[in-house]
Amino acid sequence: ILDDPDLKDIDPAVLKHCHAAAATCILEAGKQKADISAISTCLEDCKLDKERIEQFCTEYQKNKDALEILLGSIGRSPLHITDVSWRLEYQIKNNQLHKTYQPSYLVTLNVENSDSGSHPDVSFSCTMEQLQDLVGKLKDAAKSLERATQM
Amino acid sequence: KLNIGVDTIQHGVEGLVYLLTESSKLMASIPFLDFQDSIHVLGFSDELNKSLLQLYLDNRKEIRSILGELAPRLPSYHSLEWRLDVQLATRSLRQQIKTAVTMKLHLNQNEDQTAQVLQTDPATLLHLIQQLEQALGEMKMNHCRRIVRNMK
């Protein structure tokens, strides 16, 4: 904002204050999920005229959803799984043991950190039975989710 | 008790171990004949050959399973715990309803057990299930069955 030609006549310190005040107001409104009437009342108390209140509220309304998404994404959470890849292999031999003949799955869970630092993916191997166990448990979780949303 | 030098016994034991592990590793497809042929070369008495063969047959399975543990491995699946969470509010945003599935994945790596806490949303959960079911389905496909059948 300090580089905006329209604002160059205003004292930069005042500009900063205005910016900070506006930002605080918007963030608080967003955090509390305040509706338009609450915001209007608040701004009236601050002695802003009708025209300005209306302008502010319209702009706020336009960006409300984006603001909520942004605020909702701040915060810590465990590593978030975004995708899964798998590989099915059939082992014939290794240097310790020949003729092993064993199928196995290699599963990789792609994960994301909420702090947007990258994190190595979680990989593990499993037999068919173990994969069946895993899928069974995931299905249980999904069924519970369905039941919970129906309540 | 045997009145032989320590070195001799050590060599004897090492020799036996080598014989048994190599035989178990290669798992001669015709156990009796191949094993017998191999040790015949060593020039021991018939009685000794028979005892060695018996020793091999008795311990073969156990030796193979122990050798199997020595191969290079990735962490392997042990189990999974899960729970449903609903996030209602955070410091930055009040009045939310954010569902998530939180899981604890237990893995084994070389006798250590690790547990990792992971989370996912309902949509990704369904995607995971679909992908992994497809993976399971592969084993039943003709391609895999043919390979398993023909490589024995």
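How much area is buried between chain A and chain B, and what percentage of that area do carbon and sulfur atoms give?

1. The area buried between chain A and chain B is about 5,200 Å², and carbon and sulfur atoms give 69% of that area; buried area here is the accessible area (1.4 Å probe) that two parts lose on being put together, summed over both. Of the area that chain A buries against chain B, 12% is supplied by A:Trp86, A:Gln96 and A:Leu138, more than by any other three residues.

2. This is a predicted model, in which local features need pLDDT of at least 70 and side-chain atom pairs count only at pLDDT 80 or more, whereas totals for chains, interfaces and linings use all residues, and side-chain values use heavy atoms, with hydrogens and water left out. Residues are numbered from 1 along each chain as its sequence is written, while chains are lettered from A and ligands numbered from 1 in the order in which they are written.

3. On confidence, where pLDDT is the predictor's confidence in each residue, from 0 to 100, chain A averages 83, with 94% of the residues scoring at least 70, and chain B averages 82, with 93% of the residues scoring at least 70. For the complex, the predictor gives an ipTM of 0.74 and a pTM of 0.71.

4. Counting contacts (heavy atoms within 4.5 Å), 55 residues of chain A are in contact with 56 residues of chain B. Between chain A and chain B there is one salt bridge, a term that stands for a side-chain nitrogen of Lys or Arg within 4 Å of a carboxyl oxygen of Asp or Glu. In this salt bridge B:Glu133 is joined with A:Lys139, and their closest N and O atoms are 2.3 Å apart. On the side of chain A that touches chain B, α4(A) gives the largest share, 15 residues, and the residues of that side divide into 29 nonpolar, 17 polar and nine charged. In that division Ala, Val, Leu, Ile, Met, Phe, Trp, Tyr, Cys and Pro count as nonpolar, Asp, Glu, Lys and Arg as charged, and the others, Gly among them, as polar.

5. Strands also pair between the chains, a pairing that requires DSSP to find at least two bridges; helices (H or I, at least four residues) and strands (E, at least two) are DSSP runs, numbered from the N terminus. β1(A) pairs with strand β3 (residues 112-120) of chain B in the parallel sense over two bridges. Within β3(B), B:Gln119 is the bridge partner of A:His80, and B:Leu118 stands opposite A:Leu79.

6. B:Leu118 is also the bridge partner of B:Met103. Strand β2 (residues 98-109) of chain B pairs with β3(B) in the antiparallel sense over nine bridges, and these two strands form a hairpin with two residues between them, where B:Asn110 in the turn has a positive phi of about 45°.
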